[in-house]
Amino acid sequence: MSKTISAGRTPKIEIESVSGDLSLVGWEGDDILLKADDDELSVSQDGNQVHISCKDDLSIRVPKGSNVVINKINGDASVRGVMGGIELKDVTGDLSMRDVNSVAIDTVHSDFSLRGGKGSLSIRKADSDVSIRDVDGSVSIDSVSDDLALRDVRGSVSANVGEDVVMYLNPQAGNSYAVHAGDDI
């Protein structure tokens, strides 16, 4: 089932929960396009604010300028091309992000990867491996249980890592770098 919602070029989207996998893609259009089983999808709208929940897999296209809050994903998630702010509270599966702006993550329970961040990234807790590449802003990670790979981060870096850290950075004047590893750096 496909559903189209008009909420302007910079809607505020809150995804309450997705029981399966989530695919979220920013696009040049003005509409929000949702694809999911009809009886599994719940959507409500108040002006430019849209609330969504899905009891199965969800595929969604949003205007690039959307601000997105995601409360709970039980499966894997892929987020690409969203230039508004993104806040993720709890992701059970793997999380892959590409070409996004500022991102704040509370907890990701599996692997996390980001490539092409235009703003800052903050992660409170990552329970598995983390790979971050090509970020224009700062990176702040309170806790990574496994390994961390950093490459081409142009802002400040702060990270606490349980195991190994691999970094390819070109330190910039005015930035700070504080990385603590349980094993090798």
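These notebook entries record what I looked up in the structure.

**Entry 1: the model as a whole**

I noted at the outset that this is a predicted model. I then looked up the secondary structure and found 20 strands and 0 helices in the protein. Next I turned to the overall dimensions. The C-alpha trace spans about 50 × 30 × 20 Å along its principal axes. I also compared the radius of gyration with the value for a compact globule. For 185 residues such a globule would have a radius near 16 Å, and the protein has 17 Å, so the two agree. Finally, I looked up burial: of the 185 residues in the protein, 39% are buried.

**Entry 2: the positive patch**

Which residues gather in a patch of positive charge on the surface? I listed Lys 35, Arg 61, Arg 80, Arg 98, Arg 115, Arg 133 and Arg 151. Lys 35 belongs to strand 4, which covers residues 31-35. Its relative accessibility is 52%. Because exposed means over 50%, Lys 35 counts as exposed.

**Entry 3: the negative patch**

A negative surface patch is formed by Asp 21, Asp 37, Asp 38, Asp 39, Asp 57, Asp 76, Asp 94, Asp 111, Asp 129, Glu 163, Asp 183 and Asp 184. Where is Asp 184 placed? I found Asp 184 in the segment after strand 20, the strand of residues 177-181. With a relative accessible area of 56%, Asp 184 is exposed.

I turned last to the backbone angles. Most residues other than glycine have a negative phi. Asp 134 is not a glycine, yet I found a positive phi of about 65° for this residue. Asp 134 lies in strand 15, made of residues 130-135. I looked up its accessibility as well: Asp 134 has 28% and therefore counts as partly exposed.

What is the phi of Asp 152? I recorded a positive value of about 55° for Asp 152, which is not a glycine either. The place of Asp 152 is in strand 17, residues 148-153.

Definitions and conventions: Residues numbered from 1 in each chain as written. Predicted model: local features only at pLDDT ≥ 70, side-chain atom pairs only at ≥ 80, totals over all residues. Heavy atoms only, no water. Patch = residues over 30% accessible without salt bridge, like charges linked within 9 Å, V, L, I, M, F, W, Y side chains within 5 Å. Areas by Shrake-Rupley, 256 points an atom, 1.4 Å probe, with all protein chains shown as cover. Salt bridge = Lys/Arg side-chain N within 4 Å of Asp/Glu carboxyl O. Lys, Arg positive; Asp, Glu negative; His and termini not counted. Charge placed at Lys NZ, Arg CZ, Asp CG, Glu CD. Helix = DSSP H or I, 4+ residues; strand = E, 2+ residues; numbered from the N terminus. Buried < 20%, exposed > 50% of the residue type's maximum accessible area, 1.4 Å probe, protein only. Rg over C-alpha atoms; globule rule 2.2 N^0.38 Å.
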